[in-house]
Amino acid sequence: MSLLLAYSYRNMFTRKLTSLLTIAGIALVVFVFCAVLMLTHGLKKTLVNTGYDNNVVVIRRASQTELQSILYRDMTNVIKADPALRRLPDGSAMFTNEVLVLITQSKRKSGDAGNVPVRGVTANSMALRPDAKIVRGRTWREGSSEIIAGAKVAKTFQGCGLGETVRFGMRDWTVVGVFESEGSGFESELWGDIEQMM
């Protein structure tokens, strides 16, 4: 065994270039492996923080995500009538129908375009996501062109900060509040009155 170790040690210094390339190759593989693990951990953390154990998202059959799904109002009325849903003191279902679309906005630092999710929400949306809290400004008024921005999107994208204006859906929307949601994916969204969004 000592002969093999001595041979390997001597060989490493005799063939320096080959040894350096081998070490660099192994280091690169380890770096890529670690980077993939870090990315996976970050995605899992964000997605887990975005979900809640007692909330259910209903999407159309054959849809893979909220963005691909369309449920009409009569379908949501059927879901709302399900006795398995938690009920509020007045007997109504703890339920919200929402609209989710993507818009393109320019980033503050680079000016590059990026996708920003816009979510049409109801008053129950905040109750269903108890981690979402307004940290600056106020919530939107129903029936108006007011929206609130997640902390990350407000910091990253032009027009998404408190008091700024975003243009989509053929009109201007004023950001009247900024909310945080414990680092979840909702902090990268704009929220406003669902009736106005539709």
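In which helix does Val36 lie? Val36 is part of helix α2, which covers residues 16-50; helices here are DSSP runs of H or I with at least four residues, strands are runs of E with at least two, and both are numbered from the N terminus. The model is predicted, so local features need pLDDT of at least 70 and side-chain atom pairs count only at pLDDT 80 or more, while totals for chains, interfaces and linings use all residues. Residues are numbered from 1 along each chain as its sequence is written, and side-chain values use heavy atoms, with hydrogens and water left out.

**Surface patch and accessibility**

- Leu28, Phe31, Val32 and Val36 make a nonpolar surface patch of about 390 Å².
- Such patches take residues with over 30% relative accessible area and no salt bridge; nonpolar side chains (Val, Leu, Ile, Met, Phe, Trp, Tyr) are joined within 5 Å, and like charges within 9 Å.
- Accessible areas come from the Shrake-Rupley method with a 1.4 Å probe, and for residues only the protein chains shown count as cover.
- Val36 has 46% relative accessibility and therefore counts as partly exposed, the class between buried (under 20%) and exposed (over 50%).

**Cysteines**

- The structure has 0 disulfides, where a disulfide is a pair of cysteine sulfur atoms within 2.5 Å.
- Cys34 is partly exposed because its relative accessibility is 35%, whereas Cys160 is buried at 0%.

- Strand β2 (residues 113-121) runs parallel to β7, and 4 bridges join the two; strands pair if DSSP finds at least two bridges between them.
- Val118 has Leu190 in β7 as its bridge partner.
- Strand β4 (residues 146-150) pairs with β7 in the antiparallel sense, over 3 bridges.
- Ile147 has Gly192 in β7 as its bridge partner.
- Ser184 sits in the loop between β6 (171-180) and β7 (190-193), and its relative accessibility of 0% makes Ser184 buried.
- The side chains of Ser184 and Ser181 are joined by a polar contact of 2.9 Å. A polar contact is a pair of N or O atoms within 3.5 Å; within protein, one must be able to donate a hydrogen and the other to accept it, and residues adjacent in sequence count only if both atoms are side-chain atoms.

**Salt bridges**

- The whole structure holds 8 salt bridges, each a side-chain nitrogen of Lys or Arg within 4 Å of a carboxyl oxygen of Asp or Glu.
- Glu98 and Arg129 form a salt bridge whose closest N and O atoms are 2.8 Å apart. Because Glu98 lies in the loop between α3 (73-80) and β1 (99-106) and Arg129 in the loop between α4 (123-128) and β3 (133-137), the pair ties together parts that are 31 residues apart in sequence.
- Glu98 is partly exposed at 23% relative accessibility, while Arg129 is buried at 9%.
- A network of salt bridges links Glu98, Arg119, Arg129 and Glu189.
- Glu146 forms a salt bridge with Arg138, with closest N and O atoms 2.8 Å apart, and another with Arg141, where the closest N and O atoms are 3.2 Å apart.
- Glu146 is buried, with a relative accessible area of 8%; Arg138, at 35%, is partly exposed.

Conventions
Buried means under 20% relative accessible area, exposed over 50%, partly exposed in between (1.4 Å probe, protein chains only).
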